[in-house]
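Colleague: Hi! Could you walk me through this structure, one piece at a time?
Modeller: Happy to. Let's open it up and begin with the overall layout.

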Amino acid sequence: MNTPETRQKLDVFHVASHNTYQEAAFCRNLGLLDANEQNRLQHAVVAVAGLGGVGGGHLIALARSGVGGFRLADFDRFDPVNGNRQYGATVSAFGREKLRVMAENALEVNPHLSLTLFEDGVTEENVDAFLDGADLVLDGLDFFVFEVRRMVFKKALEKGIPVITAGPMGFSSALLVFTPDGMGFDEYFDIREEDTYIERILKFAMGLAPRPTHFGYVNMDFVDLRAKRGPSLGCACQLCASLAVTEALRLLLGRKGVKPVPYFLQFDPYVRKLVKGRLRMGNRHPVQRLKLWIAKNYMLDRNKVIGPVRPEQPDLAADGLAAVRDYVISAGVQAPSGDNCQPWRFSGKGERIVLSLDKGTDESFFNVRQAASIVACGAAMENMTLAAQACGLKPEVELRPEEGAGEIRLAALTLKQGEDVHEPVLHDAVWLRCTNRKFYSRKPVSDGVWEHIREAVERFPGTTLQWISAQDQLKKFAESVCLADRIRTEHRGLHEHLNAMIRFTQKDAEETRDGFPLGNLEAGRAGNLFLKATRSWSVMKALNTLGASRGVAAHSGKGILRSGGVGLISTQALDTESLFLAGRALERAWLTFTHYGIRFQPAAAPALFRLRWLLEGETSFSPAHGKLLGRSWSLAEECFPGFLASRPVLFFRVGFGPGIKYGTYRKPLTAFPGGDA
Ligand SMILES: Cc1cc2nc3c(=O)[nH]c(=O)nc-3n(C[C@H](O)[C@H](O)[C@H](O)COP(=O)(O)O)c2cc1C
């Protein structure tokens with residue numbers, strides 16, 4: 001930072017020497033800090049562990065207070081996902097080390113700082129050096145980093161150095177101060193050897209905010225302790241810096257009023273609450289133990305979907321290309337497919353994966369000329385490209401369909417090495433995406449979000465998105481779905497195909513690893529009984545004469561009403577390429593909704609029946625069903641102008657609401673052998 005330009009600038013403003021800079025830059029602290037204190041800060045040394053949202057803010061706030069020496073540690077680099085809250089996360093800093101960027105930022109505040117940098121972050125090996133000569137430690141470690149935090153606190157307190165931690169929780173900040181003569185980290189948080197990682201993280205969170213103010217408004221769907229993910233706001237990080245640095249100044253200047261643990265404090269501007277108190281015995285307090293028990297059982301159960309387990313993400317250098325290829329194919333297999341039939345086949349060799357479609361897998365009436373399977377394979381390809389990027393490879397898709405006897409060879413994916421490829425933000429959604437057949441809230445998905453989805457869809461040439469979200473429109477479209485969905489239960493082939501894909505027991509679901517576990521259909525207890533009772537076509541047919549098909553279709557219609565909007569993906573042509581691209585677009589849209597926590601369910605009947613009509617002619621439906629469809633489609637045309645003249649691929653409903661409990665399974669990779677790669 002001591003460049004000729006800096007020196008010249010300092011000269012021009014008469015602040016070239018350390019003392020003249022000190023005099024000018026910190027003069028507005030006077031009145032709150034006196035001259036002696038300002039001088040004391042100039043010679044103070046603070047160790048800041050972690051320079052992200054919290055630590056970065058601490059560093060800058062301390063530097064602006066006049067603290068002159070820092071020992072800084074971070075091993076991470078800035079990424080766009082840090083943009084909402086981390087001081088140093090600017091476009092020019094993406095990909096750069098947080099340590100270097102924040103050191104530069106701090107030197108811009110005070111060019112006379114004395115900095116010692118630890119580029120591996122804090123480790124067992126360097127913790128003594130990191131703490132050497134520090135007057136105080138500020139904890140800026142990621143919330144989910146537990147053992148390093150525990151080590152830093154323990155070592156610092158042993159060496160007689162106080163430690164301050166402030167965590168952003170919702171809109172609030174929760175603050176704790178540890179002093180060498182007070183309770184230790186393990187004692188306050190009640191950390192025991194037998195605790196699991198999750199228990200430790202919960203104990204940390206509950207000890208940090210023993211009377212949490214934020215529980216009432218945090219959407220817990222976005223909290224995933226196992227995946228080490230939770231929401232965090234920029235304004236809360238700034239609040240952390242304010243609270244922590246206030247305490248830091250108190251400690252560094254030897255002022256009165258330090259309140260070490262078991263005292264705690266949480267300030268939440270959102271609910272306008274300051275909660276403070278003394279947590280006698282720390283987390284060992286009986287009430288605290290009860291709260292921990294509740295939190296453990298509540299939090300851990302929340303996001304648990306019964307279904308397949310996400311595979312470990314391989315490291316190209318350590319695990320090799322074959323492991324990455326398998327991971328990429330697993331991501332493909334995770335895609336949606338009609339009735340979860342998984343029609344894809346893969347063959348991989350070197351950096352190439354060929355994706356084909358097995359024509360015999362999906363024999364549903366919906367799968368006209370393999371259209372639904374081609375769409376599913378397009379979705380699989382989209383997942384594969386994201387997984388490849390997550391593994392640091394540049395995916396190149398070559399779409400060249402070739403029709404064979406039992407299969408259609410669709411596309412080849414080449415995984416290029418040696419590029420500067422970063423993990424795309426949608427990669428996580430590949431593993432979280434699911435069909436959610438619950439009723440959602442009626443809160444509309446805003447046009448702004450839909451516009452965003454439109455961009456995601458229209459990056460695939462020839463693919464377009466239309467949507468509705470007003471209640472009167474949804475009502476009309478619900479009628480359209482009711483009419484088309486009657487055919488689902490009145491058409492023998494469709495009924496039998498669906499029933500062949502329902503896994504009525506968990507054992508069945510886990511063994512076949514395709515189709516739907518019963519719970520996944522969200523039919524409720526009565527619905528499950530109905531599904532079991534109507535497995536045979538003769539029973540269904542008899543019940544249809546009593547109006548059962550209308551009842552089933554009414555349930556689908558209600559689903560549309562209980563949504564925040566309905567979208568329609570269309571394509572310009574009905575050839576394999578166009579349908580494949582529509583599948584990629586569908587998945588891109590679905591993943592983007594998933595990323596935003598917005599639920600999604602395809603409503604296949606109106607569009608896939610339309611495709612059949614266009615491709616196979618009206619004679620592929622009975623005259624009665626032809627009439628139903630005519631009425632259904634004219635309502636769809638009213639909601640989605642141009643529908644009748646277009647090539648619709650899939651309608652879907654979206655909205656805000658609870659997540660699912662029962663997911664679908666996937667077959668092992670060995671079940672999808674392709675031909676030559
Ligand atoms: C082309 C296509 C059509 C689909 N149609 C419907 C549908 O009409 N109703 C529905 O609930 N799910 C539909 N799905 C969702 C699948 O049933 C679902 O993707 C599959 O069971 C796997 O479950 P998952 O999406 O939760 O991973 C469709 C999926 C695709 C790809």
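This is a predicted model: local features need pLDDT of at least 70, side-chain atom pairs count only at pLDDT 80 or more; totals for chains, interfaces and linings use all residues.

Colleague: What box do the C-alpha atoms fill?
Modeller: Along the principal axes, the box is roughly 95 × 55 × 45 Å.

Colleague: How many helices and strands are there in the protein chain?
Modeller: You'll find 25 helices and 18 strands. The protein chain has 677 residues, and 51% of them are buried.

Colleague: OK, on to the ligand. How many residues surround it, and which are the closest?
Modeller: The ligand has 19 residues around it, and the closest are T435, R437, R488, Q601 and R666.

Colleague: What does R488 do with its side chain there?
Modeller: An N or O atom in the R488 side chain lies 2.6 Å from an oxygen atom of the ligand. Backbone atoms take part as well: a polar backbone atom of A604 is 2.9 Å from a ligand oxygen, and a backbone N or O atom of S337 is 3.4 Å from one.

Colleague: How much of the ligand does the protein bury?
Modeller: On its own the ligand exposes 620 Å², and the protein buries 94% of that.

Colleague: Which strand gives the largest share of the shell?
Modeller: That's strand β17 (residues 599–603), with three residues. Looking at domains, domain 2 and domain 3 each supply at least three residues to the shell.

Colleague: Which helices do W450 and F593 lie in?
Modeller: W450 is in helix α16 (residues 447–458) and F593 is in helix α23 (residues 576–595), so the pair ties together parts that are 143 residues apart in sequence.

Colleague: Are those two buried or exposed?
Modeller: W450 and F593 are both buried. Another pair to look at is F609 and F621, whose ring centres are 5.6 Å apart with planes at 85°, so that pair is edge-to-face too.

Colleague: Where do F609 and F621 lie?
Modeller: F609 belongs to helix α24 (residues 605–616), while F621 is in the loop between α24 and α25 (623–639), 12 residues apart. F609 and F621 are buried.

Colleague: Which residues form the aromatic cluster?
Modeller: One cluster is formed by F143, F144, F146, F153, F178, F185, Y188, F189 and F204.

Colleague: Last one, K203. Where does K203 lie?
Modeller: K203 is in helix α9 (residues 197–208).

Colleague: Why does K203 count as buried?
Modeller: Its relative accessibility is 10%, and buried means under 20%, so K203 counts as buried.

Colleague: Which side chain does K203 make a polar contact with?
Modeller: The partner is the side chain of D195, at 3.0 Å.

Note on methods. Residues are numbered from 1 along each chain as its sequence is written. Side-chain values use heavy atoms; hydrogens and water are left out. A residue is near a molecule or strand if one of its heavy atoms lies within 4 Å of it. A polar contact is a pair of N or O atoms within 3.5 Å; within protein, one must be able to donate a hydrogen and the other to accept it, and residues adjacent in sequence count only if both atoms are side-chain atoms. Accessible areas come from the Shrake-Rupley method with a 1.4 Å probe; for residues, only the protein chains shown count as cover. Helices (H or I, at least four residues) and strands (E, at least two) are DSSP runs, numbered from the N terminus. Domain bounds come from an automatic or database domain assignment. Buried means under 20% relative accessible area, exposed over 50%, partly exposed in between (1.4 Å probe, protein chains only). Rings of Phe, Tyr and Trp (its six-membered ring) pair if their centres lie within 6.5 Å; planes under 30 degrees apart count as stacked, over 60 as edge-to-face and the rest as tilted.
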